[in-house]
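Welcome! Take a moment to look over the sequence and the model below, and then we will walk through a few of its parts together.

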Amino acid sequence: MQRRKILRLCTKSYTFKHKPIFIPMPACLKSYICLALLACLLIAEGCKKNSPSTTQPVVATLKATAPFPMGSAITSNGILSNYFYQGVLLTEYNSMTADYEMKFDITEPKRGAFNYAPGDAIVGFAAQHHLRMHGHNFIWHQALPDWVLNFQGDTPAWETLFKTHIQSEATHYKGQVASWDVVNEAIRDDNGQLRNQDVSPGDGTGSIWRQHLGPDYIARAFQYAHEADPGALLFYNDYGQEWGGVKLDSMIALVTGLKNRGIPISGIGMQMHIDINVDTAGITSALKRLAATGLLVHISELDISVNPGNDPNIVFTSALQLKQSALYQFIAESYRKNVPAAQRYGITTWEFCDADSWIPPFFNRKDWPLPFDATYKKKPAYFGLLKGLTN
Ligand code: XIL
């Protein structure tokens, strides 16, 4: 019966003057099609027999498990050219941050000549797939083009350069970017002061913005951004909160001061580029103190280095993998426990796959800091993070 049906299908039928005519196909084509159809039937039957029930087990994902957005830093190259990259991003995450495409050196490589193409690719992808888009960043002492580093001008000329950059980018992305890191890393590690005026390239403590615009440039950056896009949430973003001490004290004083003055700041970003030897008590205490500011708290660039000592012979043993996994779990748990639900802007990892981490090229060492391995497979770190979102 079934065989007859299949043979009928293998003969093409047309109508001529409302009468059906049958045009025989070449015999070899017929048998190929028949064989293919038979194979499909057999496979379908096999599938029916092998599946215990009609419902498939649901595999947990980060975004479906977390009671807040789960994000990752993303490169335009990754989403445009890597199928695996896209797959993991769309399966696991519902928020994204531009890895480098929205920084000053990319967006304004020459004065007034704005280049939004790389950022547009990321923002367009986020819109198409309904992911929240977090902008990173307007003002940083790094990733500056030479024309800014060499700019000769008086204070008003610097102010114009600064305001124009912030407002052009904020206006370009108005309505498409939910939130911004307005100022990134303005505070020194050693004494908690603002990065100072004595800028020598690469000295790590200077900021060209502080040098030319005075200490209140941070407040004005927030005001300028808010004028251009009043709907965007605005963050101060930095690293090292988990160290406690003067850096954390200064950060809290800075954001609280801005808030009390009515400067439009919505939240604070904790980068959390940490390593497996981190003091976990420092993480808990920073989360508690940041939550007490009443601002949104975003773990904004999480990764956990396993080779902070730059050991060239390091092997990523299962002991290291488990230690890293436990830390990912701890961070998710601590965030849920210590930050009230209304203040959780989410957890963002800085990329998600070890092959795309900034750490090995930047520090010139082997490392495996992220939840997915270099072939986009879930690591123990992934399962730790997932567990921390559930427990
Ligand atoms: C990193 C990028 O991932 C790299 O591609 C780039 O070479 C250097 O910057 N803190 C930040 C991020 O705020 O912008 C940095 O991103 C990582 C540290």
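Leaving aside its neighbours within four places in sequence, which residues is Phe222 in contact with? In this predicted model, the partners of Phe222 are Val182, Val183, Leu234, Phe235, Tyr236, Leu258, Ile263, Pro264 and Ile265.

**The nonpolar core**

Phe222 also belongs to the largest nonpolar core, which has 97 residues. Together with Val183, Trp209, Tyr236 and Phe352, Phe222 is among those that touch the most other members. Helix H11 gives this core its largest share, eight residues. As background, nonpolar side chains tend to be buried together in soluble globular proteins.

**Arg220 in helix H11**

Helix H11 covers residues 217-228, and Arg220 is part of it. With neighbours within four places in sequence left aside, Arg220 is in contact with Glu159, Phe162 and Leu213. For Leu213, the backbone oxygen lies 3.0 Å from a polar atom of the Arg220 side chain.

**Around the ligand**

Now let us turn to the ligand. The residues surrounding the ligand are Asp99, Lys103, His136, Trp140, Asn184, Glu185, Gln271, His273, Glu301, Trp350 and Trp358. Sorted by class, this shell holds three nonpolar, four polar and four charged residues. Some polar distances to the ligand are listed here.

| Residue (polar side-chain atom) | Ligand atom | Distance |
|---|---|---|
| Asp99 | oxygen | 2.7 Å |
| His136 | oxygen | 2.7 Å |

Taken alone, the ligand exposes 420 Å², and the protein buries 78% of that.

Terms used: Residues numbered from 1 in each chain as written. Predicted model: local features only at pLDDT ≥ 70, side-chain atom pairs only at ≥ 80, totals over all residues. Heavy atoms only, no water. Helix = DSSP H or I, 4+ residues; strand = E, 2+ residues; numbered from the N terminus. Polar contact = N/O pair within 3.5 Å; in protein donor to acceptor, adjacent residues only side chain to side chain. Contact = heavy atoms within 4.5 Å. Near = heavy atom within 4 Å. Areas by Shrake-Rupley, 256 points an atom, 1.4 Å probe, with all protein chains shown as cover. Nonpolar A, V, L, I, M, F, W, Y, C, P; charged D, E, K, R; others polar. Core = buried A, V, L, I, M, F, W, Y, C linked by side-chain atoms within 4.5 Å. Buried < 20%, exposed > 50% of the residue type's maximum accessible area, 1.4 Å probe, protein only.
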